[in-house]
Amino acid sequence: MTVPVSITVNGQRYDREVEPRLLLVHFLREVVGSTGTKVGCDTSQCGACTVLMDGVSLKSCTALAVQADGAEVTTIEGLADGDALHPLQDAFWEKHGLQCGFCTPGMIMASHELLRVTPDPSDAQIRHGLEGNMCRCTGYQNIVRAVRQAAGTTAGQP
Amino acid sequence: MYAPDFAYYRADSVAEIGRLLRAHPGAKVLAGGHSLIPLLKLRLAAPPALIDIGRVAELKGIAVADGRVRIGALTTHAEIAASSDVARHAPALAAAAGVIGDPAVRNRGTIGGNVAHADPASDLPTVLLALGASFAVATDDGERTIPAGKFFQGMMATALGDHDVVTAIDVPAAPGGQGQAYEKFSHPASRYAVIGVAATVELRGETVGNVAVALGGLVPAAVRTGSVEQALSGRAPSAEAIAGAAAAVSNDLGDDLIGDIYASAEYRRAMAPVCVKRALTAALKQASVADAPAARSPWWKPSWL
Ligand SMILES: Cc1cc2nc3c(=O)[nH]c(=O)nc-3n(C[C@H](O)[C@H](O)[C@H](O)COP(=O)(O)OP(=O)(O)OC[C@H]3O[C@@H](n4cnc5c(N)ncnc54)[C@H](O)[C@@H]3O)c2cc1C
Ligand code: FES
Ligand code: FES
């Protein structure tokens, strides 16, 4: 069985026929070809696959593409405005909030969610808000600094 | 990981969910998918069809009426945690919903899916049992109501029949003088409950009134602990009374304690009274704030705390 879906990814609409079991993350990576979103654990624990659906974060390894039918999905590729990086991307760059970068797309999308819900978070709130995202390199300190820098800008606004 | 193949249907109304379930034997409903999709990916379940109920508007929302909070089955954990109505009338439920998994999990997971899945490591069965909630269920021949005490029957086993759909959860609004708390010992990676304890305690002047305490993570299905409840009810609140009542939890644990690579059965048995004590202390503190003569004045503190 295939099912027709219409999913808007970073402003561009994709009308496709998909198998119901196709995960949203595979729709993004393999159908759309946007490989910024990563698969880490594949068991909804690490957050590498975090994207926004209608402005709200979700782990795309634990959603079916059919569930996103009609929705607007934003991935890491959709944050920058042309050459101008999003304030969160700027902040991760400046504060060295990444090393290998594998967790970074998910970490930035989860930070986007954090700032949407808590525009001016304390360090404890930042750590709590990113608790579903794992980084195996940075030790988190610089990630917290990056989010703190981005807070107070318009980072949480889509 | 790829789920086994399945057919997919989408329902727009509760009536249509029932029709689709009857038309496709063995089908499972899909709500937030945050328990079902992992099971499919691990191939621990292989239903021939999924009925997606995620867009059924009549299953969403929170309303307060007739002394209870009615929460639609599709309401997400994030919505419950953010609701001022739930915070006011069922604070232990708000607290529990806010410590489920992580923000992305809370954005997708629903209260109906959580209780229907009945994972012993879940938070909501425990708290709904202590609060005396009941479940509105759409069945083949109409509606029925199942009290939480009859709903959870074992490890991932509930009173729901094959075609039954939870439509709403009714939670009695906390009466005046009652304190509520949810104490969770989280698994450090998944954030599931290794142990969860929900407690409600009423304070009547200098005496403890009704007490309800439910346990999660310890035995295959969330249970009330009558021994703790009886040991504290009718007593004057004190640190000793709380500790004594908490110790009584061991009478109610039986031999079927859960153990896994993270926390053995022996460890859980040893930690149970600790978590119960914390939950009772927090609930009594809330009750004494609600009961304080100069209502809710921040500096008022009972002598025994
Ligand atoms: C990484 C991770 C961490 C988590 N941590 C926690 C935690 O700390 N605490 C906790 O409590 N939970 C936790 N969960 C589970 C989460 O709360 C789930 O969302 C929830 O248990 C299931 O809700 P759902 O809407 O996602 O249901 P689904 O996965 O869609 O469905 C689950 C089951 O319930 C059935 N079902 C769904 N809705 C209904 C209905 N209305 N009527 C009848 N049957 C129905 C489905 O057929 C299926 O069998 C975690 C999940 C993940 C992935
Ligand atoms: S890949 Fe989705 S949470 Fe790890
Ligand atoms: S930068 Fe390597 S995993 Fe986070």
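Student: Is strand 12 of chain B buried or exposed?
Tutor: Strand 12 of chain B, residues 193-204, has 11 of its 12 residues buried, so the rest of the structure largely encloses it. Keep in mind that this is a predicted model.

Student: Which way does strand 11 of chain B run against strand 12 of chain B, and how many bridges join them?
Tutor: They run antiparallel, joined by nine bridges. Strand 11 of chain B covers residues 178-186. One pair to look at: B:Ala181 stands opposite B:Ala199 of strand 12.

Student: How many residues sit between those two strands in the hairpin?
Tutor: Six residues lie between strand 11 and strand 12 of chain B. In that turn, B:Arg191 has a positive phi of about 75 degrees.

Student: And strand 13 of chain B, how many bridges join it to strand 12 of chain B?
Tutor: Eight bridges, again in an antiparallel run. Strand 13 of chain B spans residues 207-216. B:Val201 has B:Val211 as its bridge partner there. This hairpin has two residues between the strands, and B:Gly205 takes a positive phi near 60 degrees.

Student: Switching topic. What is the strand order in the five-stranded open sheet of chain B?
Tutor: The order is 4-5-10-6-7, with antiparallel pairing. Strand 4 (62-65) and strand 7 (142-147) of chain B are the edges, each pairing on one side only. On average, neighbouring strands of this sheet are turned by 25 degrees against each other, direction ignored.

Student: What does strand 4 of chain B pair with over four bridges?
Tutor: Strand 5 of chain B, residues 68-72, in the antiparallel sense. B:Ile62 has B:Ile71 of strand 5 as its bridge partner.

Student: Now the interface. How many residues of chain A and chain B are in contact?
Tutor: 31 residues of chain A contact 33 residues of chain B. The two chains bury about 2,600 Å² between them, 54% of it on carbon and sulfur atoms.

Student: How many salt bridges cross the interface of chain A and chain B?
Tutor: The rule finds four. In one of them, the side chains of B:Lys41 and A:Asp42 meet at 2.6 Å, N to O. Polar contacts between the chains come to 13 residue pairs, both residues at pLDDT 80 or more.

Student: Which elements of chain A each supply at least two residues of the side that touches chain B?
Tutor: Helix 1 (24-32), strand 4 (56-59) and helix 4 (123-129) of chain A. Strand 4 of chain A gives the largest share, four residues.

Conventions
Residues numbered from 1 in each chain as written. Chains lettered and ligands numbered in written order. Predicted model: local features only at pLDDT ≥ 70, side-chain atom pairs only at ≥ 80, totals over all residues. Heavy atoms only, no water. Pairing = 2+ DSSP bridges. Axes fitted to C-alpha atoms, helices over the stretch in contact; angles between N-to-C directions. Buried < 20%, exposed > 50% of the residue type's maximum accessible area, 1.4 Å probe, protein only. Contact = heavy atoms within 4.5 Å. Buried area = accessible area lost by both parts, 1.4 Å probe. Polar contact = N/O pair within 3.5 Å; in protein donor to acceptor, adjacent residues only side chain to side chain.
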